[in-house]
Amino acid sequence: MKKVIEVKSLTKEYKGLRAVDDLSFDVYSGEILGLLGPNGSGKSTTINCLLSLLKFQTGSIQIFGKSMSPTAYEIKKQIGVVFQEVAVFQELTVRENIEYFCGLYIKNKKMRNEYVEEAIQLVGLEEFKKFYPKQLSGGLLRRLNIACGIAHKPKLIFLDEPTVAVDPQSRNHILDGIKRLRNEGATIIYTTHYMEEVEILCDRVIILDKGKIIASGTPDELKELAKIEEKVSVEIEKISTEKLEEMKRFKNVDDVKYIDGILVVTYQKGKNNLIHLIDYLKKENLQYNKIYSERPTLNDVFLELTGKELRD
Amino acid sequence: MTVFKAYLKVLNKNKALVILYTVLLIFFASFNMKTNSVGTFVAEKPNVLIVNQDENRGITKSLIQYITQNSTIVRVKENDSSINDALFYRDVSYIIYLPHHFRNDFLSGKNPKIEVKSTGDYNASLASMMLERYLKVATTYREVEKDEASLVKMIEETLDHQVDIEMTSKLDSNQLMKARDFYNFSNYSLLAGCVFVICFIVASFKDENIRKRTMVSSLDMKKYNQQLLFANGLFALTLWFLYVLLSFILVGKSILDFHGLLFLFNSFVFMVVALTFGLLIGNLVQNKEAIGGIVNVVALGSSFLCGAFVPMEWLPDFVLKIAHIFPSYYYISNNHFISSLEYFELSWSFVMNIGMLLLFGVLFILITNIISKRK
Ligand SMILES: Nc1ncnc2c1ncn2[C@@H]1O[C@H](COP(=O)(O)OP(=O)(O)OP(=O)(O)O)[C@@H](O)[C@H]1O
Ligand SMILES: [Mg+2]
């Protein structure tokens with residue numbers, strides 16, 4: 001596969017604080033790469049370095065096979081960026097804003113008009129074309145922000161937490177739009193601290209913590225890293241400590257916890273774990289309501305690797 | 001073009017401000033014209049006090065007569081403290097002390113020293129012009145005519161002739177006062193309107209996030225800044241042109257001469273300074289409320305202190321001293337100078353004032369550059 005971005009030992013320090021620490025990774029053509037990490041793990045800093053917005057101490061960055069710099073306009077032409085903070089003119093309408101940012105790249109008026117309309121459609125703002133930013137809800141504003149970043153049909157797109165503080169409806173719109181962009185052939189770098197989004201969206205994930213890569217791979221590969229294979233949760237009224245201890249000695253069981261009326265049993269591997277558990281509960285005459293089995297999440301991976309939760 | 005077009009759109013959203021300050025200017029100007037046309041003549045006759053220590057005969061008498069005809073003679077007790085009070089309260093603008101033996105000395109070919117005291121305002125300068133004119137004419141004829149009675153007759157005939165000219169020039173000076181007041185007030189409109197709008201627009205374009213977004217685009221930041229500067233310059237130029245046009249419409253054709261040209265030149269330089277000031281504040285402050293505060297304080301404050309609303313000569317000395325720190329002071333001083341000109345002449349102080357204005361402009365540009373480099 002073709003490399004679109006090649007980052008080698010990137011290190012960025014803010015006065016004594018190492019925000020990005022010896023980072024090396026590649027991004028391949030046509031993929032959605034997720035940068036996952038908790039607040040302050042260096043996601044935005046990494047992106048700003050890639051875009052030459054920040055000077056960094058060491059490392060090299062190649063985009064489309066060329067060295068990236070503030071004046072590499074040929075590279076910049078093919079890049080679209082959606083920053084974490086909304087960047088739009090309060091004095092311009094939705095359409096005018098998109099047209100302005102698109103116009104920074106596309107000089108041909110007819111082509112630009114087409115692109116602007118397509119972008120409006122992609123994020124679903126057709127009914128709000130004439131609205132001013134302050135008339136939009138938070139979710140719609142984020143959608144506008146995205147439309148402004150991608151209207152010029154870039155080949156490489158950076159999206160920095162585009163769904164932060166967004167209602168579910170807007171979020172779905174945004175995620176669908178991003179998938180469409182990928183299907184149209186764009187390469188996408190997507191940062192977030194929502195692991196669910198990463199699982200739905202990303203082909204490959206890099207997990208960051210304190211500016212370092214702690215794991216990378218496809219979502220499935222990463223889940224292998226979690227020692228557990230299956231997690232069963234049971235809603236149960238009451239259970240004695242002896243029984244919990246007894247269950248811990250079952251085959252394949254990794255851990256047993258009882259918190260707030262929910263019994264959580266995690267298994268390292270094996271088959272028929274759920275059936276075994278249900279048999280046991282029946283035999284012991286323990287009343288339970290709901291029972292469900294899950295595969296481990298990236299959160300479990302993060303927990304396993306760092307000993308802390310991804311989201312607080 | 002993209003940046004320029006967006007500029008126009010943002011400007012369009014802010015047009016209310018431009019209109020507001022322009023209407024204020026028109027309103028002030030037309031109001032001022034009305035008050036001026038009533039009782040103009042009284043205002044143009046300086047209040048003069050003549051302290052005559054000579055006999056009231058011959059050439060002395062003639063001189064006193066001439067001054068009396070063309071001014072309002074005030075009676076004040078002839079002691080120092082009364083005279084100083086009268087000067088301070090502007091009951092009198094100009095005091096002439098005719099020395100003992102003035103007549104004899106003058107006729108014998110000497111140039112006796114005439115002491116004067118003056119408030120230094122426009123009326124005082126009228127009186128001083130009158131005195132100078134009489135002495136100039138008298139000194140010229142003294143060389144050819146030795147007989148006192150004939151000399152006095154010759155002087156009076158010549159000066160009588162000039163009264164007509166003086167009348168018309170007085171009328172003109174009335175129009176010039178209007179033009180001066182218009183341009184003085186435009187100090188406020190230019191500062192408030194132009195600076196306000198430029199600040200707002202620059203602040204929008206220099207907004208941290210929008211700047212970042214622009215920097216990652218394929219647009220050369222140099223070109224971006226050039227387009228912005230061009231748009232701002234064009235806006236300021238248009239506004240200035242509009243005001244110049246307005247001044248000609250409101251004041252009439254009496255300034256369609258070198259006066260108009262000088263006013264035009266002076267206000268052009270000031271407009272450039274206002275532009276650089278707008279760019280500075282726009283770059284310095286991004287918060288729109290803060291911009292409103294700063295511009296209001298600077299525009300209103302400097303307009304008051306420098307005499308944009310009331311003539312400079314009504315302002316106390318210490319206020320005028322403070323006013324030196326504002327560019328408006330030099331602009332308004334020049335307006336006063338232009339309105340007092342009878343014929344085309346560039347004084348050193350006019351040139352100096354233009355120089356000071358340009359210096360302010362350069363200073364603002366330098367600070368703006370330092371600030372944007374730091375960011
Ligand atoms: N301009 C700056 N000056 C100093 N420190 C900074 C600056 N910007 C970021 N940092 C620090 O660098 C670290 C990484 O920040 P960064 O914004 O890259 O994190 P992030 O992963 O994007 O977090 P979030 O999810 O909150 O957006 C943080 O500890 C942050 O406090
Ligand atoms: Mg961030």
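How do the residues of the shell around ligand 1 divide into nonpolar, polar and charged? They divide into 4 nonpolar, 8 polar and 2 charged. Here Ala, Val, Leu, Ile, Met, Phe, Trp, Tyr, Cys and Pro count as nonpolar, Asp, Glu, Lys and Arg as charged, and the others, Gly among them, as polar.

This is a predicted model, in which local features need pLDDT of at least 70, side-chain atom pairs count only at pLDDT 80 or more, and totals for chains, interfaces and linings use all residues. Residues are numbered from 1 along each chain as its sequence is written, chains are lettered from A and ligands numbered from 1 in the order in which they are written, and side-chain values use heavy atoms, with hydrogens and water left out.

**View 1. The shell around ligand 1 in chain A.** Ligand 1 has 14 residues around it. A residue is near a molecule or strand if one of its heavy atoms lies within 4 Å of it. A:Gly40, A:Lys43, A:Ser44, A:Thr45 and A:Glu161 come nearest. Strand 2 (17-28) and helix 1 of chain A each supply at least two residues of this shell. Helix 1 gives the most, with 3 residues. Helices (H or I, at least four residues) and strands (E, at least two) are DSSP runs, numbered from the N terminus.

**View 2. Polar contacts of ligand 1.** A polar contact is a pair of N or O atoms within 3.5 Å; within protein, one must be able to donate a hydrogen and the other to accept it, and residues adjacent in sequence count only if both atoms are side-chain atoms. A polar backbone atom of A:Lys43 is 2.9 Å from an oxygen atom of ligand 1. Two side chains also take part. An N or O atom in the side chain of A:Ser44 is 2.7 Å from an oxygen atom of the ligand. For the side chain of A:Thr45, the distance is 2.5 Å. Taken alone, ligand 1 exposes 630 Å², and the protein buries 61% of that. Such areas come from the Shrake-Rupley method with a 1.4 Å probe; for residues, only the protein chains shown count as cover.

**View 3. The magnesium ion, ligand 2.** Its protein donors are A:Ser44 (OG) and A:Gln84 (OE1), lying 1.9 to 2.2 Å from the ion. A:Ser44 sits in helix 1 (residues 43-50), A:Gln84 in the loop between strand 6 (79-82) and helix 3 (94-103), 40 residues apart. Donors are N, O and S atoms within 2.8 Å of the metal (3.2 Å for Na, K and Ca); water is not among the atoms, so sites may look incomplete. A:Ser44 has 22% relative accessibility, so this residue counts as partly exposed. A:Gln84, at 25%, also counts as partly exposed. Buried means under 20% relative accessible area, exposed over 50%, partly exposed in between (1.4 Å probe, protein chains only).

**View 4. An open sheet in chain A.** 4 strands form this sheet in the order 2-1-4-5, with antiparallel pairing. Strand 2 and strand 5 (66-67) stand at the edges, each with a single partner strand, so one side of each is left without a neighbour in the sheet. Two strands pair if DSSP finds at least two bridges between them. Strand 1 (residues 3-14) and strand 2 pair over 8 bridges. The bridge partner of A:Lys12 is A:Val20 in strand 2.
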